[in-house]
Amino acid sequence: QVQLAESGGGLVQPGGSLRLSCAASGRIFRFNTMGWYRQVPGKPRELVAEITSGGNTDYADSVKGRFTISRDNAKNTLYLQMNSLKPEDTAVYYCYLRQLVSGSLDEYWGQGTQVTVSS
């Protein structure tokens, strides 16, 4: 019932910045958590950052101080501001949303957007 549309990926140089966006639509409940995961081929998908509808955030240690997750609840849009990018940040970044519906956990994923950090 939820669709996630991502944008903003691309190629940037080390030390550069990029902002990812994720527009959510569909049956979105008031209380939910949205976030960003990333995945490198051959490795497990890992949490980058997440944010609740109330604004509580959590970050992977590897991105603390460099990335900022935010959301605009009026627009149902999630953002990830990425600064001081490093080559090891290169990955496919996925937007996700999870929420409890009648006691069941519903999870949704975006299609992924490629972020490449290279000289």
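This is a predicted model: local features need pLDDT of at least 70, side-chain atom pairs count only at pLDDT 80 or more; totals for chains, interfaces and linings use all residues.
Let me begin with W109, which has a relative accessible area of 38% and is therefore partly exposed, since a residue counts as buried under 20% and as exposed over 50%.

W109 belongs to strand β10, which covers residues 104–109 and runs antiparallel to β9, with six bridges joining the two strands. Across from W109, on the other strand, stands Y96. The hairpin that β9 and β10 make has two residues between the strands, and in that hairpin S102 takes a positive phi near 50 degrees.

Now to the aromatic rings, where the count comes to three aromatic pairs. For one of them, the rings of Y37 and Y96, the centres are 4.8 Å apart and the planes stand at 70 degrees, so this pair is edge-to-face, the cut-off for that class being over 60 degrees. Because Y37 lies in strand β4, residues 33–39, while Y96 lies in strand β9, this pair ties together parts of the chain that are 59 residues apart in sequence. Y37 and Y96 are both buried, and for Y96 the relative accessible area is 2%. Y96 also pairs with W109, and here the arrangement is tilted, with 5.5 Å from centre to centre and 35 degrees between the planes. Since Y96 is in strand β9 and W109 in strand β10, that pair ties together parts that are 13 residues apart in sequence. Taken together, the ring pairs link Y37, Y96 and W109 into a cluster.

Which charged end sits over the ring of W109? That is the charged end of R45, placed 4.7 Å from the centre of the W109 ring. R45 also lies over the face of Y94, at 3.7 Å from the ring centre.

Let me stay with strand β9, which spans residues 91–101, and turn to Q99, which is placed within that strand. Is Q99 buried or exposed? With a relative accessibility of 3%, Q99 counts as buried, because the limit for that term is under 20%. A polar atom of the Q99 side chain lies 2.9 Å from the backbone nitrogen of F29. F29 is also one of the residues that Q99 touches when residues up to four places away in sequence are left aside, and others among them are V2, R27, I28, F31 and N32, as well as S104, L105, D106 and Y108.

Finally, a word on backbone angles in the loops. Most residues other than glycine have a negative phi. Against that background, N76 has a phi near 55 degrees, a positive value in a residue that is not glycine. N76 is found in the loop between β7, residues 67–72, and β8, residues 77–82, and with a relative accessibility of 32% it counts as partly exposed. S84, which is likewise not a glycine, has a positive phi near 50 degrees. S84 sits in the loop between β8 and β9, and its relative accessible area of 41% makes it partly exposed.

Key: Residues are numbered from 1 along each chain as its sequence is written. Side-chain values use heavy atoms; hydrogens and water are left out. Helices (H or I, at least four residues) and strands (E, at least two) are DSSP runs, numbered from the N terminus. Buried means under 20% relative accessible area, exposed over 50%, partly exposed in between (1.4 Å probe, protein chains only). A polar contact is a pair of N or O atoms within 3.5 Å; within protein, one must be able to donate a hydrogen and the other to accept it, and residues adjacent in sequence count only if both atoms are side-chain atoms. Contact means heavy atoms within 4.5 Å. Two strands pair if DSSP finds at least two bridges between them. Rings of Phe, Tyr and Trp (its six-membered ring) pair if their centres lie within 6.5 Å; planes under 30 degrees apart count as stacked, over 60 as edge-to-face and the rest as tilted. A charge sits over a ring if NZ of Lys or CZ of Arg is within 6 Å of the ring centre and within 35 degrees of the ring normal.
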